[in-house]
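Subject: Structure handover

Hello,

Here is the structure we talked about. Please open it first, then read the notes below.

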Amino acid sequence: MFAEELKAFRRLGLRHVLLQILNFASVIASGLMIWKGLGLITNSESPIVVVLSGSMEPAFYRGDLLFLTNPPNQRYQTGDITVYKIPGADIPIVHRVLETHDTPGKVKKSQCVWLSLFLSMPLNSYDRPGITPMPKQLMLTKGDNNHVDDIELYQGLEWLERKHIVGKVRGFVPYVGYVTIAMNDFPQLKYALLGGLGLLALLQRE
Amino acid sequence: MALLAAIALSSFVFTANPKGGLEVASVKVYHANARRYPNRKQELAFVNFNINADLSPLFHWNTKQLFVYLEAEYNNTKSVENSVVIWDRIIRRKEDAYIKFAGKNKYMFREVSTSFKDVPPANYVLKYNVMPYVGVLTYGEAARTSEAAEFPAAQSRVS
């Protein structure tokens, strides 16, 4: 059954195999570049996330795909849906902001770097009138489908702070992310998919 | 994929901006125990309010649900800007989008400094979040109290 493929494989030679491996590597590399580039533009460590729990139903279900941004010159408001990660907890949580308490603060360096990159403002503009300093925010969140707020999830912290937040939800596509949940639940599927893709790339003839 | 994008883009055409009425009937402040620390005292505010708003224009073919919330906005004595959601409701059908509600806050309304003493009056605002089947989440404001409501002195017992 595979004899024919093997023969074809031998005829193509080592050079072809190397070329295909190179192609495969460049696909992976450009994927990584797009991901990191998106992260830079949105200022979020993970600009696309998959919903893993039902705590925001009926707004978001398991497997829905969310697009996040985290602009450093905007404060978070009540009603915003945030994705946050408490140090010590392993999975990020998608919940809505219930309370904000803003103490006036200073202009941060990260804010200036981001503004100079994407709005082409001079980098050393710490006290420019155009830039309003970001307040230090204390926040409380709650899942739409939960009865109580998230204090129990904060692992001893009283309030959620800006540094814990990965981003705010801006856009939404239903169910597309279910593939990744399925791959996590059934690792065989992941290996089958990866192996299949790899074989396809190797055996492909131009 | 293209269909999803078309649906998502089409919802930018609908730009309804419905307005409604909101009034605060009464605000009371009581002494209470803090939730996590039974020995720590704290003041809680109880707000009675009336909402009368028709949000049905916000429903179009790409509206999955509305998240409607009432928040209190005030600055405290240490000039910290606060906004606290005290009531919310999820609306999933156009038929339910006419809100006629009289009642009190659903969530605990407390001050970060534990006391409402000398805190300036608060404004109450009704806001909404339109959540689509696919696409971008949008926010808006449906009503705002015409004048700020004061926090009275704390009472120790319900009267």
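Two residues are in contact if their C-beta atoms, placed from the backbone, lie within 7 Å. By that rule, B:L55 touches B:P18, B:L66, B:V68, B:I91, B:A97, B:I99, B:Y128 and B:A142, leaving out residues up to four places away in sequence.

This is a predicted model: local features need pLDDT of at least 70, side-chain atom pairs count only at pLDDT 80 or more, and totals for chains, interfaces and linings use all residues. Residues are numbered from 1 along each chain as its sequence is written, while chains are lettered from A and ligands numbered from 1 in the order in which they are written.

**Between the chains**

Chain A puts 20 residues in contact with 26 residues of chain B. On the chain A side, β4 (93-103) and β7 (165-173) each give two or more residues. β4(A) gives the most, with six residues. Strands are DSSP runs of E, at least two residues; helices are runs of H or I, at least four; both are numbered from the N terminus.

**Helices of chain A**

The axes of α1 (residues 3-42) and α4 (residues 187-203) of chain A come within 7 Å and cross at roughly 110°. Axes are lines fitted to C-alpha atoms, for helices over the stretch in contact, with angles from 0 to 180 degrees between N-to-C directions. So α1(A) is roughly perpendicular to α4(A) (65 to 115 degrees; under 35 is roughly parallel, over 145 roughly antiparallel, the rest oblique). A:E5, A:V17, A:Q20, A:N23 and A:F24 of α1(A) meet A:A201, A:L202 and A:L203 of α4(A).

Best wishes
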